[in-house]
Amino acid sequence: MHCRSAGRLMSLRLDAALTPDQEAQLEGHLERCPRCRSTWAAMQEVESRLRSAPWAEPRPGLAGRVLARLPEGRRSVVPALLPWPRAGTAALVALALLMLGLVAVALWLGVTPAQGGWMRVAQEVQNTALALWNGLLYLLAASGMLLRTLGRTLAWPWLPVLLLLALSALLVGLWFGRSGKRRP
Amino acid sequence: MEAEEQVWILKTLQGDHEAFARLVTRYERQVYNLAYRMLGNAEDAEDAAQETFLRAYTALPSFQMGRKFSSWLLSIAANLCVDLLRRRRFAWLSLEDLSFRLAAPAEDPDRSVLRQEEAGRIQRLLDRLPEKYRLLVILRYWYDLSYEEIASTTGLSLGAVKTRLHRARCMLARAIEEEEVCTAEAPVG
């Protein structure tokens with residue numbers, strides 16, 4: 001066995017990773033080679049010093065110093081939306097109430113779409129908004145289907161636009177949503 | 001991963017700073033010790049430990065729940081320390097610093113205290129190792145990580161871990177042999 005191979009085996013021996021065969025080879029080499037015996041003694045000394053080395057301890061209050069440097073808010077991410085942040089939950093409830101209120105008012109007034117003139121533009125906007133709105137509603141499964149039906153039966157041109165705006169506000173709220181807990 | 005730790009991570013992802021503080025408290029000693037052993041002084045270690053936790057906070061959304069949090073955190077600390085050492089080495093090459101060092105080698109107060117202790121001798125030994133070897137020695141001896149865990153933390157192959165550990169031990173053994181020769185040659189009295 002060469003000294004270089006013996007050196008590798010010494011390192012493995014320190015990690016108790018030698019096979020019995022390798023153990024015997026190394027032992028035989030160490031008996032014959034004074035230089036490797038000296039290296040082995042030094043390696044054992046290294047091992048002993050490192051094993052007894054103390055841990056360096058941080059000054060007390062490291063967590064506080066880290067927290068003081070954290071950015072003010074965290075952007076919510078998809079996995080973090082469950083359970084919903086408080087701001088997100090509040091925005092969702094507000095949206096639901098807004099939608100119910102608008103639906104109720106529209107039904108109560110019995111408004112109908114205006115015909116001709118600039119209202120055609122509004123009608124186009126309404127159609128586009130309805131299409132987008134419907135797409136989003138499909139994602140909301142059963143509750144979405146109900147709202148879609150309501151949206152189609154309602155004739156007030158600006159209702160879907162308002163709902164889209166409210167939804168956008170909700171998404172922005174969720175994106176920047178933060179927990180109510182704050183560091184003192 | 002512990003369920004408690006998983007809850008803290010999820011709460012941190014929702015912006016709960018208190019939950020993150022618990023994570024910091026649990027791992028501050030591990031992170032700080034790694035930084036201290038890599039960088040060799042308390043001030044740099046404190047800065048590196050803080051920076052590690054800030055990076056962890058920012059990168060937390062990408063953390064995979066199946067992974068061991070401590071390994072992930074230590075890998076952030078390790079990469080940061082290696083970067084700092086490289087920058088430091090580069091900074092030392094500037095002419096201003098070089099002339100300053102040649103004229104009057106400054107002694108860090110922390111270091112001068114440490115030099116009087118066994119801990120200082122160990123740190124001096126570590127400082128002699130190139131950073132890529134130093135990191136493995138620290139992970140092996142202070143954190144008692146297996147070859148596989150070291151490979152996972154550092155992103156190295158198992159073979160590279162074994163080779164680097166072996167080379168590091170050879171370097172340290174040579175350093176100790178030199179130390180002993182110097183001690184033996186030193187005049188008495």
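How many residues does the contact take from chain B and from chain A? In this predicted model, chain B gives 50 residues and chain A gives 44 residues. Putting the two chains together buries an area of about 4,600 Å², and carbon and sulfur atoms give 61% of that area. On the chain B side, Gln14(B), His17(B) and Tyr141(B) supply 15% of the area that chain B buries against chain A, more than any other three residues.

Let's look at what links the chains. Here are two counts to compare with the structure above:

| Link between chain B and chain A | Count |
|---|---|
| Salt bridges | six salt bridges |
| Polar contacts (both residues at pLDDT 80 or more) | 14 residue pairs |

Several helices of chain B give two or more residues to the side that touches chain A, among them H1 (3-13), H3 (42-59) and H10 (158-185). The largest share, 13 residues, comes from H2(B). By type, the residues on this side of chain B divide into 25 nonpolar, 10 polar and 15 charged.

Now for two residues of chain A. Arg51(A) forms a salt bridge with Asp144(B), and their closest N and O atoms are 3.7 Å apart. Glu47(A) sits in helix H3 of chain A, which covers residues 34-51. Is Glu47(A) buried or exposed? Glu47(A) counts as buried because its relative accessibility is 10%, and buried means under 20%. Leaving aside its neighbours within four places in sequence, Glu47(A) is in contact with Leu14(A), Tyr141(B) and Arg169(B).

Technical notes. Residues are numbered from 1 along each chain as its sequence is written. Chains are lettered from A and ligands numbered from 1 in the order in which they are written. This is a predicted model: local features need pLDDT of at least 70, side-chain atom pairs count only at pLDDT 80 or more; totals for chains, interfaces and linings use all residues. Side-chain values use heavy atoms; hydrogens and water are left out. Helices (H or I, at least four residues) and strands (E, at least two) are DSSP runs, numbered from the N terminus. Buried means under 20% relative accessible area, exposed over 50%, partly exposed in between (1.4 Å probe, protein chains only). Contact means heavy atoms within 4.5 Å. Buried area is the accessible area (1.4 Å probe) that two parts lose on being put together, summed over both. A salt bridge is a side-chain nitrogen of Lys or Arg within 4 Å of a carboxyl oxygen of Asp or Glu. A polar contact is a pair of N or O atoms within 3.5 Å; within protein, one must be able to donate a hydrogen and the other to accept it, and residues adjacent in sequence count only if both atoms are side-chain atoms. Ala, Val, Leu, Ile, Met, Phe, Trp, Tyr, Cys and Pro count as nonpolar, Asp, Glu, Lys and Arg as charged, and the others, Gly among them, as polar.
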